[in-house]
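The exercises below are meant to be worked with the sequence and the coordinates side by side. Each task is followed by a solution that goes step by step.

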Amino acid sequence: MEGKAMPQEESVLRLGRDEALEAARLWQECGDAREFACRVLGSVMNALMDSEAQQMCGASRNERSDGRENSRNGYRPRSLKTAVGDVELEIPKLRHGTYYPEGMLARWSRVDTSVAAIVQEMYVCGVSTRKVERVASKLGISSLSSSEVSSLCSDLDAEVAEFRRRDLSGTPCCYLWLDATYMSCRVGSSVVSQGVVTAIGLGADGRKHFLGCDVVDTESEDSWAAFLGGLRERGLAGVRLVVSDSHAGLVAAVSRLFQGCAWQRCVTHLQRNLQSACSGRPEDSKAAVRDLVHAAVYQDDPDLARCVWAEAAPWVASVSARAGEVFEQAEDSALAFTAFPRAHWAKLRTNNVQERANREIKRRYRVVQSFPSRESMLRLTCASLMETKGQWSQQRVFSEASAAEGFAEPADRPAPTEGRRRALGRRAREIVDEIVERRGLKKE
């Protein structure tokens, strides 16, 4: 029954008089419970190994017996790092053959699996190998060097490889967010900048999914094509819209690998491009350009958004001819999201989904500062993504019914009537004139 106390004979280890006296003596010698636990654990494990070795010999120590098959030959000292601290073991040696307590000691040989799990968790969470060593010393674990920490974390490679090779045929995605972030990594004898490219998709279940990750030397069309081709080969299908920045290689690879798929230019990146094109111009003029872009992309009516864009174009060009050219060319790609369900627009205007994932990667990278190899860079990045993937599995971006709308062909929007076009034009001029007047913008 719940709440019923366990009988004393079941909850208390029964010790004889000698064992109780020995335990009391050991407790007095130890400085704290952790040291006591280490000593007791060591004594129990040594006793068990001694018993197993004795059984392999076929006779007790110093016993003369016709059934003896082997004999003892001293001990081999070994220190096992556990969650309670270092445990000193004495592994029996045999005169013939070898005894190793494989069922008792973890596959790490000198490190308990619980400690390995702790080290890996700290590593994935962005704790440096040197800090892991200091934390381990606080737990009573000595000599856990940075190289040992790296060695323990290399076990993540199998999980990373499985994560990167997993079948995607059961995860159709209507939207795909792509991005690259750069970090320093040692290649050969030099430390160089390497790009980590990632893909996030919105599945039919309404949840975000990490689809792939790779390390590339540069964001060329060939690099992106190889990465996207890998996603296709693993079964990715159903993509209707790709959201990314306007990197030429990426855009070309998307048009080649996902023919018939729309491309949305991240509005945040567009704003940065326009501000860069307006370099040297007055702050109010640059602010006006920001406001004009915002006014167009945040309209609820797609037709009004395009009218505002057209009305704003000459004003942006008046601030900077280069900015005007970028603005004019970006109309279709910046407003591509308007062809999809309105409830999805907030997630499609920008590449913020990727930016948030990149922040988690960068947070861990700031601790490392420079990776010793491409493999270690990929390991930490994918481990970070896998941790975030676990969190995403509990969160829905959209309901399944709403996500299904992203896969559907958009209904044809009827062309506005002449009267509606005039009304939209007047409203667009009012919106643009208000911004121009407020920012004091004048055409040159």
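**Exercise 1.** In this predicted model, how are H8 and H9 oriented to each other?

*Solution.* Begin with the axes: those of helix H8 (residues 221-233) and helix H9 (residues 248-257) come within 8 Å and cross at roughly 40°. Angles under 35 degrees count as roughly parallel and those from 65 to 115 as roughly perpendicular, and H8 and H9 are therefore oblique to each other. The crossing in which H8 passes H9 is right-handed. Turning to the residues involved, H8 contributes Glu221, Trp224 and Leu228 among others, while the H9 side includes Leu250, Val254 and Arg256. Sorted by class, this contact comprises 8 nonpolar, 2 polar and 4 charged residues.

**Exercise 2.** Which residues is Arg186 in contact with, leaving aside its neighbours within four places in sequence?

*Solution.* Arg186 belongs to strand E3 (residues 173-187) and is partly exposed, with a relative accessible area of 39%. With those neighbours set aside, the contacts of Arg186 are Val191, Phe371, Pro372, Ser373 and Arg374. For Arg374, the C-alpha to C-alpha distance from Arg186 is 7.3 Å, although 188 residues separate the two in sequence. Finally, the side chain of Arg186 reaches the backbone oxygen of Ser189 at 3.2 Å.

Terms used. Residues numbered from 1 in each chain as written. Predicted model: local features only at pLDDT ≥ 70, side-chain atom pairs only at ≥ 80, totals over all residues. Heavy atoms only, no water. Axes fitted to C-alpha atoms, helices over the stretch in contact; angles between N-to-C directions. Helix = DSSP H or I, 4+ residues; strand = E, 2+ residues; numbered from the N terminus. Parallel < 35°, antiparallel > 145°, perpendicular 65-115°, else oblique. Left-handed = near helix turned anticlockwise from the far one by under 90°. Contact = heavy atoms within 4.5 Å. Nonpolar A, V, L, I, M, F, W, Y, C, P; charged D, E, K, R; others polar. Buried < 20%, exposed > 50% of the residue type's maximum accessible area, 1.4 Å probe, protein only. Polar contact = N/O pair within 3.5 Å; in protein donor to acceptor, adjacent residues only side chain to side chain.
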